[in-house]
Amino acid sequence: MSLADELGYDDVFEIHVERGTQGFGFNIKGTTQAGGVLQAINGRLYPPLQYISHVDEGGAAWRAGLRCWDRVLSVNNTDVRGASHNEVVKNIIRGGESLDLIVIRVDDEEAARLQRLEDAANSTRKGRGKSAPISIQDFNNLPNPAGKGNYTVFNVYTHGDYRTSKRYSELANLHKQLKARFRWHNFPPFPPKKMNGLFSGALGPSDLEQRREALQIYLQKVYEVEDIRNSELFAEFLKPSDYRPPNAPTPSPPSSSAVSSSNLNARRATATSSGSSAAAKTATKQRTDEAQKQPQQQEKAKKQDVKKTEEAKRGAPASSTSTPKDALSTPSSAKKKAVPANLFDFDDEEPEAVKELSDDDEQEAEEEAEQAQEEEQEQEEEEEEQEEPAAVEEEEEEEDAAVQETSFAVLVPTGDVVRVSLSSDATVADVLQAALDKLGVEGFARNIFALFESTTDTPSTDPLDHEFDHKLDDDELAASVSKQLLLRRWLFTTSQEPAADTCSAAVSLLVHQAINDIKQGRLYCTPKKKQKLLDSAKDLDTDKYPAFLGVVRKLKMYGGVLLPPCTDDDANSIIVTVTADRLILQKTDDDGNPSTDDEDVSVFEFEQLSKVRRRDDLLGFKATGADGEQQTVKLTSEHAAYMETCIKRAFMEQKWADGSAEGGFFQ
């Protein structure tokens, strides 16, 4: 059935959305694979369809008429019936500031039926559905109560049942608490605060999907550990939150027996774990001792109450009627409130038999109870004094274990690997400074290097094996970097680089990086010039390094970053180079190399740029030509985030150089 035929049905709608200040204002969800088994929707058969899982009420999509549970048939005039999630998201991104949808609307009953079908399908997929002990199946964007944009909650499920919804910050806090509580466990890296160079407020749908997957992987890894899974911290984390996604059933609390069992397991694990904290051990022991003492206290109270009852019976006047058997029952059969989880908030309602005691008997019983309590307290204090030396020793051992350092390996342009040992919470900036210290880089030269992450999966000590890399944020946790750390030059303004020539260690790094960049094609020059430079680099003595650098610095592209090919609006393959003051766009020739024909090269000075924006893998900018006409350029690249980072850095270097911005290191 064609899309035109679909529009003949009353439940099919055409919707046009213009992006608002907070984006389009909806979430889309569906299968990650293309195609699949046909399913009936409103009585008609369709391949699997992506659907709208959330719409911001009052947002751009809401005002245009889009509603939650709408099934998407077309995006920007492209038929997406049976398309994968990524395909649909990319089509949305390509539309830029506007979006045209054709959707089929379903009622709540039909939506619930389709949701059950999807849950059943997800149950066979790894990390999703009912087969996963814990998973983050989806997320929702919610309006910020403070009135500043939206925030995202990730919906957590256990064995396919919805449990709670948490923000990224709450998951990050759980990670910190678990690391402090279970020091003996080697935790997986927690997903960084920035995704693709963006903070949470600027993340697009594909960025949030990547974050969902990363957070799910983290949760599943820590949930595999029984001590962590059964801990009170995790139980607290899984408690229902204020928000619940549409159609999600109310989380059923675990039974009291299950809670007791899990807490008991946590206590046993804590008591036997060699690496758990001393404070945690002491607290656990106290809770265990209290749990063991409570039955004894209850039994003692029971005997005292029976004794009081018998004394009251013996002391009653002869003319009084005999006390019924029910009145002589023990406190265990009297009505009591439920015992709180902390085991301390006892019921203060007296049984009927106790209420009939005389004032003297009550006072005597209270004195006996106080004396027994004092004796128990003295005994506890003696036990604590005996255990204190052992607890101090354990705490000292754990403090020694906590300060153990982590080794970070950094590959430098010379092919050497520099290893530095820092605490596990060291940032990328910490590792960079430690590596520069070890290399002997001093003075101004320390400002022109940065750490990058290789995109190559296989570790290698040959810099030529790392074809591309992207810069890491200084405040990012170094332990969260999954691939190889690389030290590279990070400076666009070549006029400032000679200030680093007084440092021989820096000169050596710059020379070797230039040679590597020429070999890899990152530093573009004519074939003849390339061969000449490589010949002169053979057996290059250190005393000739400055002369070699002087020649290399004269190349037009030196100091720039050449990115892998991307595509423009006309589907042309484009190579982008970011230099200190311009963007250079070159179409590729038949061999995939940058074309040097004037018609295939576009140069945009930063002065011409009026606006640069990025959303997911789409980067666009507006530039004013010499004729005064404004031109809009849109580029689609998986490295769009790094391209944006390079443009921002080069632009800031210009401001530092002319003194219009503070915080720069230019001389």
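**Packing inside the chain**

Among contacts (heavy atoms within 4.5 Å) between residues at least 6 apart in sequence, 61% join residues at least 24 apart. The model is predicted, and local features need pLDDT of at least 70, side-chain atom pairs count only at pLDDT 80 or more, and totals for chains, interfaces and linings use all residues. Residues are numbered from 1 along each chain as its sequence is written, and side-chain values use heavy atoms, without hydrogens or water.

The chain has 17 helices and 24 strands; these are DSSP runs numbered from the N terminus, H or I of at least four residues for helices and E of at least two for strands. Of its 667 residues, 43% count as buried. Buried means under 20% relative accessible area, exposed over 50%, and partly exposed in between (1.4 Å probe, protein chains only).

The largest nonpolar core holds 50 residues, and Val-431, Val-441, Phe-449, Leu-487 and Phe-548 touch the most other members. Such a core is a set of buried Ala, Val, Leu, Ile, Met, Phe, Trp, Tyr and Cys residues joined through side-chain atoms within 4.5 Å. Two or more residues of this core come from each of β12 (406-411), β13 (417-422), α13 (428-439), β14 (449-454), β16 (485-489), α14 (504-520), α15 (527-537) and α16 (545-552). The greatest contribution is that of α14, with 9 residues.

Leu-487 shows the packing at one point. Apart from neighbours within four places in sequence, its contacts include Val-410, Leu-432, Leu-436, Phe-449, Leu-451 and Leu-509. A second, separate core has 30 residues, among them Leu-411, Phe-492, Ile-647 and Ala-650.

Aromatic rings are the next topic. The whole structure contains 13 aromatic pairs. Rings of Phe, Tyr and Trp (its six-membered ring) pair if their centres lie within 6.5 Å; planes under 30 degrees apart count as stacked, over 60 as edge-to-face and the rest as tilted. One of these pairs is Phe-452 with Trp-490, edge-to-face at 5.7 Å centre to centre and 75° between the planes. Phe-452 belongs to strand β14 and Trp-490 to the loop between β16 and α14, so the pair ties together parts that are 38 residues apart in sequence.

Phe-606 lies in the loop between β21 (601-605) and β22 (609-615), and Phe-651 in helix α17 (residues 640-658), so parts 45 residues apart in sequence are tied together. Phe-606 is buried, at 5% relative accessible area, whereas Phe-651 is partly exposed, at 36%. Ring pairs also link Phe-452, Trp-490, Phe-492 and Tyr-642 into a cluster.

Asp-539 lies in the loop between α15 and α16, and at 75% relative accessibility it counts as exposed. Its phi is positive, about 50°, although Asp-539 is not a glycine.
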